[in-house]
Amino acid sequence: TSTEEPATDRSPAPPTRRPPVTDAEHPVTPLRVGDPVPDVDLVDHRGSPWSLSAHRGRHVVLVLHRHLACLPCQEHVRAVGEHLDRFGDAELVVVTFADPARLAAHRDHLGVPFTFVSDTTRRLYHLLGAARGARRAVWSLGTLRMYARLGRSGRRRQRSTEDVYQLGADAVIGRGGRLRYLSLPASPDARPPVDDLLAALD
């Protein structure tokens with residue numbers, strides 16, 4: 001069982017780009033903007049199969065969640081949900097690596113209407129270059145400040161039973177299946193503004 005705890009060391013300046021990710025079983029070269037995105041078969045919050053190819057012809061906006069107890073991730077998902085009408089016919093998808101059985105309750109907790117999927121092998125995380133972060137990145141100064149602010153507003157930090165070092169990402173896949181936008185935040189508090197995701201739509 002992993003418990004996320006604050007680090008005491010200082011956070012370094014965030015890198016502009018993280019190094020390639022290697023899946024121990026399947027070496028992966030992370031995608032770049034403009035690359036075609038291979039199909040990925042996952043399971044959604046209803047327990048039904050979900051695949052990227054089923055949404056060809058629409059934009060797909062992917063929000064790669066860290067562990068489910070990550071408060072900055074939860075706030076980012078809620079922020080995207082507040083602009084739902086601006087995304088038009090785009091398919092908004094929250095990607096997690098949690099047990100699929102936990103997704104429906106987490107979706108209800110966040111109060112957003114879009115799809116949640118489980119990527120337990122982290123195939124999409126590897127394809128998009130979302131790496132595991134060092135302790136000082138996961139608990140950067142900005143992240144500590146964000147947790148303090150969320151705590152003052154009534155958000156409660158919970159114990160995580162998942163990998164607390166996995167970092168998140170945001171991506172937009174175009175109607176033709178190519179990667180149009182990718183953000184790889186160096187720490188949990190550094191998610192992109194919702195307007196950046198909107199700007200990547202045709």
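Among contacts in the chain (heavy atoms within 4.5 Å) between residues at least 6 apart in sequence, 75% join residues at least 24 apart. The model is predicted, and local features need pLDDT of at least 70, side-chain atom pairs count only at pLDDT 80 or more, and totals for chains, interfaces and linings use all residues. Residues are numbered from 1 along each chain as its sequence is written, and side-chain values use heavy atoms, with hydrogens and water left out.

Six helices and seven strands make up the secondary structure of the chain; these are DSSP runs numbered from the N terminus, with helices (H or I) of at least four residues and strands (E) of at least two. Their order from the N terminus is β-β-β-α-β-α-β-α-α-α-β-β-α. Of the 202 residues, 52% are buried, that is, under 20% relative accessible area with a 1.4 Å probe, protein chains only. The accessible surface (Shrake-Rupley method, 1.4 Å probe) is about 10100 Å², and carbon and sulfur atoms account for 48% of this surface.

The largest nonpolar core contains 24 residues, and L52, L62, L64, V95, L128 and L179 have the most contacts inside it. Such a core is a set of buried Ala, Val, Leu, Ile, Met, Phe, Trp, Tyr and Cys residues joined through side-chain atoms within 4.5 Å. Two or more residues each come from strand 3 (60-64), strand 4 (91-96), helix 3 (123-128), strand 6 (169-173) and strand 7 (179-183). Helix 3 gives the most, with four residues. Neighbours within four places in sequence aside, the contacts of L64 include V95, L124, Y125, L128 and R191. A second, separate core has 20 residues, among them V61, V77, V172 and A200.

Conventions:
Buried < 20%, exposed > 50% of the residue type's maximum accessible area, 1.4 Å probe, protein only.
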